[in-house]
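Thank you all for coming; I would like to walk through one structure this morning, going from its aromatic contacts to its strands. Please have a look at the sequence and the model first.

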Amino acid sequence: MLSTKSFPVIEATLPIIAERISSITPNFYNRLFTAHPELLDGIFSRSNQKNGTQQQALAGSIAVFATYLVKYPETTPETMLARVAHKHTSLGVVEEQYPIVYKHLFDAIAEDLGDALTPEIAEAWTEVYWLMAHALIKIEKGLYAQQANAEIYTPWKLVKRTETGVDSVSFSFEPADSTPATVAKPGQFVSVRMPMTDGVRQVRQYTLSDNIEQTDLRTITVKLDVNGEFSPAIHNDLKIGDVVELSNPYGDLVIENDGSPLVIATAGIGCTPSAAALQTLAANGSSRKITVLHADQEFGAWPLREQMLESISKLPEASISTWFERGELPEGLNAKSGYMNLTEALTEDAQVYLCGPLPFMHAARTQALEAGIPAERIHYEVFGPDVWPAA
């Protein structure tokens with residue numbers, strides 16, 4: 001709850017802070033990594049620092065949180081906080097790191113705003129930061145406590161790799177030690193940590209895509225990004241028998257077995273959460289009405305296609321429609337050329353789940369909102385830093 005003293009200050013200064021925060025955050029990260037270079041080894045992504053998405057993620061989170069406090073001063077944005085907390089716990093973020101972030105962030109704010117940062121403004125924004133930080137710390141402690149072990153990472157050995165679609169590979173891992181493993185839920189992800197060519201460890205999150213509830217097997221599906229750092233390493237360098245570090249499973253984009261009509265809309269490699277969810281729904285004998293929508297560049301590029309279609313065939317109330325940008329259209333999949341249109345698939349009581357590239361999710365979410373679906377019934381998963389404000 002934002003105090004009555006800070007409320008008018010935040011309300012008055014939010015426009016300028018929101019405008020300046022994207023300029024402040026690069027300075028913040030430069031300060032943070034200069035003082036704590038160890039954070040680039042196994043926590044923060046070098047690629048996301050270079051392309052600016054990490055800076056956008058922090059700026060977006062702070063701006064969304066402060067805006068929410070002004071609009072709804074008695075509450076906090078639970079959806080955004082939960083999403084951030086799940087990402088944090090998959091990386092091993094702990095309470096002791098929040099004061100470090102605060103120091104370097106507010107030093108960067110002070111440098112940027114200069115004399116405009118009065119003690120009153122600094123005090124009000126400090127309150128916003130710690131409201132957000134304490135809310136996240138509380139959620140994160142709860143998430144850690146739910147796990148079957150107290151480790152951030154445990155070793156897992158690669159036992160199988162399977163080509164799927166174009167430039168996508170499914171990697172299956174078995175435990176490399178006796179640490180108890182948490183049972184995952186469909187739609188959850190794990191962090192994968194492994195050293196790059198220079199020895200510095202990097203981390204990426206990947207959705208579990210098969211055999212979700214097995215604790216003796218973890219499967220992820222990775223699309224190659226030739227301009228990236230991590231996916232080329234896992235595609236080209238990881239061999240059968242190699243050991244990597246996996247986190248416990250996290251993620252709040254979980255689809256329940258029962259409920260109102262479900263619309264799952266995905267694009268490209270974004271189909272991994274839906275593939276896992278459909279497999280679990282089929283295994284549980286779900287009779288939920290499910291509409292699956294998938295868009296891809298071409299039919300042959302569709303990752304996990306066989307797994308998804310097999311699951312759909314076992315679900316009595318499931319249907320599928322597809323869109324492809326090029327190539328011959330397949331039969332029997334209600335296939336169309338071009339880009340996805342959700343409108344015909346939406347019903348008044350539908351729960352909508354989106355996963356894919358940000359431009360796709362922006363377009364799909366807009367269609368759903370314009371069709372009258374309330375924002376609270378539109379769920380999404382973002383790959384990489386969450387630069388899309390929750391609403």
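Trp302 is buried, with a relative accessible area of 1%, where buried means under 20% relative accessible area, exposed means over 50%, and partly exposed covers what lies in between, using a 1.4 Å probe and protein chains only. Phe324 also counts as buried, at 1% relative accessibility.

Before I go on, a word on the source: this is a predicted model, in which local features need pLDDT of at least 70 and side-chain atom pairs count only at pLDDT 80 or more, while totals for chains, interfaces and linings use all residues. Residues are numbered from 1 along each chain as its sequence is written, and side-chain values use heavy atoms, with hydrogens and water left out.

Searching the whole structure gives 14 aromatic pairs; rings of Phe, Tyr and Trp, the last by its six-membered ring, pair if their centres lie within 6.5 Å, and planes under 30 degrees apart count as stacked, over 60 as edge-to-face and the rest as tilted. One of these pairs is Tyr206 with Phe230, whose ring centres are 6.2 Å apart with the planes at 40°, so the pair is tilted. Because Tyr206 lies in strand E4 (residues 201-210) and Phe230 in helix H7 (residues 230-236), the pair ties together parts that are 24 residues apart in sequence; helices (H or I, at least four residues) and strands (E, at least two) are DSSP runs, numbered from the N terminus. Both Tyr206 and Phe230 are buried.

Trp302 and Phe324 form a tilted aromatic pair as well, at 6.4 Å centre to centre and with 50° between the planes. Trp302 sits in the loop between strand E8 (290-296) and helix H9 (305-313), and Phe324 in strand E9 (residues 318-324), so this pair ties together parts that are 22 residues apart in sequence. Elsewhere, Phe28, Tyr29, Phe33 and Phe44 form one aromatic cluster.

Which rings have a charge over them? The charged end of Arg83 sits over the ring of Tyr380, 4.0 Å from its centre, and that of Arg305 over the ring of Phe299, 4.3 Å from its centre; the criterion is that NZ of Lys or CZ of Arg is within 6 Å of the ring centre and within 35 degrees of the ring normal.

Let me return to E4, which is mostly covered, with seven of its ten residues buried. Strand E3 (residues 189-195) runs antiparallel to E4 and is joined to E4 by seven bridges, where two strands pair if DSSP finds at least two bridges between them. Pro195 stands opposite Arg201 in E4, and in the hairpin of E3 and E4, with five residues between the strands, Gly199 takes a positive phi near 90°. Two bridges join E4 to strand E5 (residues 218-223), again antiparallel, and the bridge partner of Asp210 in E5 is Thr219.

Finally, strand E11 (residues 351-355) has five of its five residues buried. In a regular strand the side chains alternate between the two faces of the sheet. Here both faces are covered, with Gln351, Tyr353 and Cys355 buried on one side and Val352 and Leu354 on the other. Five bridges join E11 to strand E7 (residues 262-267), in parallel, and Thr266 has Cys355 as its bridge partner in E11. E11 also pairs in the parallel sense with strand E12 (residues 378-381), over four bridges.
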